Structures are given as C-alpha cells and as structure tokens.
Amino acid sequence: MANLTIRKLEDAVRDQLRLRAAQNGRSVEDEVRVILRETIQGPIGSVPPPAPFSQRASDPAPGASTGIIHVTLIIGGGIAAYKALDLIRRLKERRMRVRCVLTRAAQQFVTQLAASALSGERCYTDLFDAESEFDAGHIRLARDCDLIVVAPATGDLMAKMAHGHADDLASAILLAANRPILLAPAMNPLMWTNPATRRNAAQLQRDGIRVVGPNAGEMAEAGEAGLGRMSEPVEIADAAERLIRPPRARPLAGKRVLVTAGPTHEPIDPVRYIANRSSGKQGYAIAEAAADAGAEVLLISGPVDLKSPANVTLIAVESAREMLHRVEAALPVDVGIFAAAVADWRVASEGDQKLKKTSVGIPTLHLVENPDILATIAHRTEQRPRLVIGFAAETENLLDNARSKLARKGCDWIVANDVSPASGVMGGDRNTIHLLSRGENGVAIESWPIMSKEEVATALIARIVSEQAFSPGGSPA
Ligand code: C5P
C-alpha cells in the first residue's frame with residue numbers, strides 16, 4: 001500500500017523516506033509505520049500502555065467550549081456500510097458534526113460523494129492526500145474531534161487496531177487517536193466467533209475501546225444467521241451520545257426559556273394572507289437545545305412545517321398580535337429569545353369574506369404596523385426576562401443595522417445574520433452569526449464561524465449558560 005501512495009509524495013520527501021528506511025534496514029512501509037508511531041507515542045520501546053479512553057484526551061476536544069460534538073466516522077468495508085449513511089443522519093439529529101473517512105473496501109459499498117453530501121463535510125479516503133496530509137491530516141482527523149466512531153468495524157479493522165497497524169488512513173487515525181473510540185462491529189458470525197477476532201476484541205476492550213453490538217440476526221449471506229449484524233444506526237448514535245454527553249449536564253434546569261419562531265401570517269381575508277420565507281428552523285433548534293440543557297421551554301411558533309422538539313411546550317399561532325398575546329401570557333420567564341420573523345405590517349381591516357374580483361379593478365390593501373414583540377417585552381418594567389435576545393436578519397450593512405437594532409429594541413443581545421439570497425440562510429441549514437451584546441464597555445461583537453443551525457443553537461445556549469446570572473450558583477441579575 002505504501003509503495004502505491006508513496007509515488008504521490010513530493011520527490012524530496014519520498015527520497016528522504018527511502019533513505020531513512022534503508023538506513024534503518026526497514027521496508028518503506030514499515031518506516032512509515034514507525035514514523036507515525038513515534039510521532040504519536042514517542043520512540044518505540046518506550047510506548048506506555050494506553051490509558052483508558054476516559055483519561056486519554058489531554059488537550060481540550062473541540063466541543064469542550066462550544067457544546068458542539070465533532071465526530072470522526074470511519075466507515076469500514078462491509079455490506080453494513082450502507083447503514084453508515086443513515087448513521088450520519090442520526091448523529092446529526094443529535095447535534096453532532098460528522099466527518100467521514102472511508103476505507104478502500106468501504107468505497108466498494110458507499111461512495112465518497114454520498115458520505116460528504118449527507119455529512120455536509122469533506123469525506124477523506126487517503127493517508128497520503130496532497131491536500132490534507134502535509135499538515136498531518138490523519139492526526140487532525142484523530143484529534144480535532146470529540147469521538148471516533150467506527151461503523152461498520154470489520155474483523156480486519158479490529159485486527160489492525162489490536163496490533164497497532166497504520167497502513168491506511170482509517171488505521172492511522174485510530175492509532176493516532178486520543179479521543180474515545182466506539183466500534184460497531186459487523187461481520188459474518190464465523191468471523192466474529194473466530195478465536196483471532198475474540199483475542200482482538202479482548203485486547204481492544206483492555207485498551208479502553210467501547211463497543212456497541214453486534215446484534216444477532218439474519219446475515220446478508222443467504223441462509224446465514226447468528227451474532228454479527230451491525231447495530232442499528234439509532235442504537236449506535238445513542239451509544240455515541242451516552243459516551244460523549246455525560247448523563248445530563250442540565251445547566252438550565254429550573255429556568256424558563258421562551259422562544260418565538262417561524263413567520264407570522266397576516267390575514268387579508270379568510271383565504272389569503274401576507275407571509276414571509278422564514279422556515280422556523282433556527283428557532284426550533286434553539287428551543288430544542290434549551291430543553292436539552294434542562295430548561296422548561298415555551299416555543300411560540302408561527303405556521304411552519306416542522307415537528308415540535310421533544311420536551312418543549314409548543315404554542316402555535318398565526319398572526320403577530322396573537323404571538324404577542326401568547327408571549328405576554330407566558331411571562332415570567334428567565335430568558336426570552338425572539339427568533340420569529342414577525343411581519344412588520346398587517347392589513348388594517350381583514351375582510352370577513354373572500355375578496356372578489358370586481359369591476360372596479362384591483363383592490364388596494366391598506367397596511368398598518370404590527371406590534372413589535374421583542375421591543376414590547378424588552379421595554380417592560382415588570383416581568384422583563386433577565387436576558388432578552390433578538391435576531392437581526394439583514395441583507396446589507398449587517399453590523400451597523402444590528403447595532404442600531406440592539407439600541408432601538410432595548411434587548412440585551414442581538415444575534416445578527418446575513419439573509420441576503422446569496423447567503424442561502426433563509427430556509428437553508430447553515431448560518432453565520434455575529435453576537436452583539438451590551439456590556440459595561442459598550443457593545444461587544446463576537447463573530448462565529450459558519451455553522452449549522454443546530455450548532456448555532458447549541459453555541460447560543462452554551463453562551464447563555466456561561467452568563468453569570470444563569471450559571472449554576474450564579475446570582476440573578
Ligand atoms: O424584523 P426585525 O429585523 O425588526 O426583527 C428583529 C427582531 O425583532 C427579531 O428578533 C424579531 O423576532 C423581533 N421582532 C418582533 N416583532 C416584530 C418585528 C420583529 O418581535 N413585529
């Protein structure tokens with residue numbers, strides 16, 4: 001394998017590698033293994049026994065501060081690889097960011113394109129990839145994550161892990177890893193019960209590697225059944241979640257959080273209305289993240305095509321006035337997050353009957369201003385939430401407009417995002433956020449990297465938790 005990929009290296013690097021291998025009396029392939037091992041564990045001979053996974057991660061994992069879980073998913077080569085595509089979805093549903101690595105054999109079952117389309121991230125296949133390897137891509141894939149999941153974990157991959165091989169990208173990542181590793185084995189029952197696999201499984205267990213499954217059942221091979229079926233994607237995703245999210249850190253337990261979301265519909269007559277393109281995805285994701293953090297969540301939503309998040313009280317409304325009414329009725333709350341795209345105007349007098357085409361021509365709609373829900377709540381003197389957060393969706397002069405909105409609306413924070421058609425935010429799944437907050441020294445601006453709406457939600461809730469008034473022991477403002 002090394003011979004094949006070594007051809008892709010720069011001439012000077014390749015020559016040095018060959019020279020070093022010759023000097024040490026090793027094959028080039030073995031030399032690469034040694035270099036990898038030494039890079040990771042120090043010189044061979046002084047390799048300490050691996051610590052149990054829970055003690056391994058010394059440098060902070062990427063999710064440590066943001067609450068967003070990064071998963072490197074290694075897809076091994078077996079018929080169960082097709083289920084790994086569903087697993088990507090299940091992990092993402094749990095607000096995990098997934099980067100996929102396909103072994104050579106896995107590429108016989110699933111394509112790189114499918115894995116990257118579903119994960120929304122680049123999918124990796126080669127150890128010596130000119131684009132990523134010169135900044136040690138396999139080390140980054142091993143370390144820039146909170147968890148490594150191997151699904152399906154084939155007998156071959158388990159053997160490589162047990163013996164510390166690193167002759168392709170997947171095994172090099174596993175050797176370089178200092179994060180928890182979860183294996184979802186999948187193989188023929190005869191391979192699973194083979195003494196070699198038993199020995200390897202026992203060694204991996206001693207090394208602190210976690211395993212989910214395999215399950216008993218029908219095999220892909222006609223007429224075969226037994227222990228060896230890969231666990232279902234939901235089971236694997238649940239196991240990943242249990243491993244990485246300690247049983248319920250619930251920093252917002254005992255707090256009431258109100259979230260507005262979606263568009264409002266302003267009736268013209270019984271069948272027509274004025275609306276906007278808001279999907280409600282960001283507000284729903286925030287409600288879900290707040291509930292996950294243990295808050296009692298009231299989600300007051302305009303008409304959207306989304307399922308209610310679990311453990312959230314959903315109050316469905318149509319118009320801005322109805323939304324304001326339900327928001328006021330929900331007070332007091334600790335935090336108010338106003339993510340709804342409330343219509344600025346409504347028709348002054350809604351028709352009781354459907355407007356007809358008449359001989360007098362096209363009717364004129366007389367519009368009046370809607371109540372500003374955010375400003376109304378932020379300016380209250382009684383029962384004002386301790387933290388009032390508004391959104392500023394702008395198509396131009398994002399920060400200037402957000403700054404003046406923060407002052408005008410009287411809220412504490414503004415989550416500003418660019419919703420120009422080119423940004424793809426409206427109705428899309430990603431968002432680039434600037435968080436403006438009012439403090440003693442004026443307005444502070446934090447610019448976050450591009451994230452999915454779930455990640456924005458998780459990061460926003462983590463930011464709320466880090467506020468003094470909302471941390472466990474923090475005093476109310
Ligand atoms: O539409 P606009 O850019 O003014 O929205 C900024 C913020 O104000 C958002 O948080 C939105 O939910 C809120 N808003 C509101 N009621 C309105 C208009 C906007 O709560 N009538």
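Trainee: What should I know about the numbering and the model?
Mentor: Residues are numbered from 1 along each chain as its sequence is written. This is a predicted model, in which local features need pLDDT of at least 70, side-chain atom pairs count only at pLDDT 80 or more, and totals for chains, interfaces and linings use all residues.

Trainee: In what order do the eight strands of the open sheet stand?
Mentor: Strands are DSSP runs of E with at least two residues, and helices are runs of H or I with at least four, both numbered from the N terminus. Two strands pair if DSSP finds at least two bridges between them. The pairing in this open sheet is mixed, and the order is β12-β11-β8-β13-β16-β17-β19-β20.

Trainee: Why is one side of β12 and of β20 left without a neighbour in the sheet?
Mentor: Strands of a sheet pair through backbone hydrogen bonds, either parallel or antiparallel. β12 (312–316) and β20 (442–447) stand at the edges, so each has a single partner strand.

Trainee: Which residue of β13 is the bridge partner of Thr260?
Mentor: Strand β8 (residues 256–261) and strand β13 (residues 335–338) pair in the parallel sense over four bridges. The bridge partner of Thr260 in β13 is Phe338.

Trainee: What angle does α17 make with β16?
Mentor: Axes are lines fitted to C-alpha atoms, for helices over the stretch in contact, and angles run from 0 to 180 degrees between N-to-C directions. Contact between two residues means that their C-beta atoms, placed from the backbone, lie within 7 Å. α17 packs on the sheet and touches β16, β17 (413–418), β19 (433–439) and β20; its direction makes with that of β16 an angle of about 145°.

Trainee: Is β16 mostly covered or uncovered, and how many of its residues are buried?
Mentor: A residue is buried if 20 or more other C-beta atoms lie within 10 Å of its own, exposed if 12 or fewer, and partly exposed in between, with C-beta atoms placed from the backbone. β16 pairs in the parallel sense with β13 over four bridges, and six bridges join β16 to β17, also parallel. β16 is mostly covered, and of its eight residues the number buried is seven.

Trainee: Which element gives the largest share of the shell around the ligand?
Mentor: A residue is near a molecule if its C-beta atom, placed from the backbone, lies within 6 Å of it. Of the 16 residues around the ligand, Phe338, Val342, Ile373, Leu374 and Gly390 come nearest. α16 (373–378), β16 (387–394) and α17 (398–409) each supply at least two residues of the shell. The largest share, four residues, comes from β16.

Trainee: Which strands are the edges of the five-stranded sheet?
Mentor: This open sheet has parallel pairing in the order β2-β1-β3-β4-β5. Two strands pair on one side only, and these edge strands are β2 (96–102) and β5 (210–211).

Trainee: Which residue of β3 is the bridge partner of Thr72?
Mentor: Strand β1 (residues 69–75) and strand β3 (residues 147–153) run parallel and are joined by four bridges. In β3, the partner of Thr72 is Ile148.

Trainee: Does Ala202 count as buried or exposed?
Mentor: Ala202 is found in helix α12 (residues 195–206). Ala202 has 11 C-beta neighbours inside 10 Å, so it counts as exposed.
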